[in-house]
Amino acid sequence: YSSFLHGLTKKDKNLDEQKQQRDNSIIQAYNQTKDFLLQKLTERKVQLLSESEQNHSKDLDRIQTEKDRVLADVGELSAACDRAEQEMELGLVEFLTLRQRIVLTEVVGKHREKAALTPVQTQ
């Protein structure tokens, strides 16, 4: 009986060691997988944030370009109106000459067409 019990104790100890090795392998595999997935998620987050920043910059550039265009148009319209008003105040013309009316009509028409365009598209 003594040797039989000793054999069972040895088997019990071997089973405990095998379980511990298995558990350690599972934990190691889990940690490696977790680390790999965390790295991939972090890389994806960085990529998405970069794309978001790029889209934001492009949108801001588009809006600034449109603002600059509108400001230039307003300046041109304002100058045309100021010239016509000054000439009328100076009494140089009783009313706008045909040439001035044509120029003013062209300027206003050009800007009306621009104003009818679709708004700036953002991403």
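Hi everyone, a definition to start: buried means under 20% relative accessible area, exposed means over 50%, and partly exposed is in between, with a 1.4 Å probe and protein chains only. This is a predicted model, where local features need pLDDT of at least 70, side-chain atom pairs count only at pLDDT 80 or more, and totals for chains, interfaces and linings use all residues. Residues are numbered from 1 along each chain as its sequence is written, and side-chain values use heavy atoms, leaving out hydrogens and water.

Let's turn to the charged pairs. How many salt bridges does a search of the whole structure find? Five, where a salt bridge is a side-chain nitrogen of Lys or Arg within 4 Å of a carboxyl oxygen of Asp or Glu.

Take Asp23 and Lys19, whose closest N and O atoms are 2.6 Å apart in their salt bridge. They sit four residues apart in helix H1, so about one helical turn separates them; helices are DSSP runs (H or I, at least four residues), numbered from the N terminus. Asp23 is partly exposed at 25% relative accessible area, and Lys19 is partly exposed too, at 43%.

Further along, Glu66 and Arg69 form a salt bridge at 2.6 Å, N to O. These two are three residues apart in helix H1, about one helical turn. Salt bridges with shared partners join Glu66, Arg69 and Asp73 into one network.

My last stop is Leu5, which is found in helix H1, residues 2-89. Is Leu5 buried or exposed? Exposed, with a relative accessible area of 52%.
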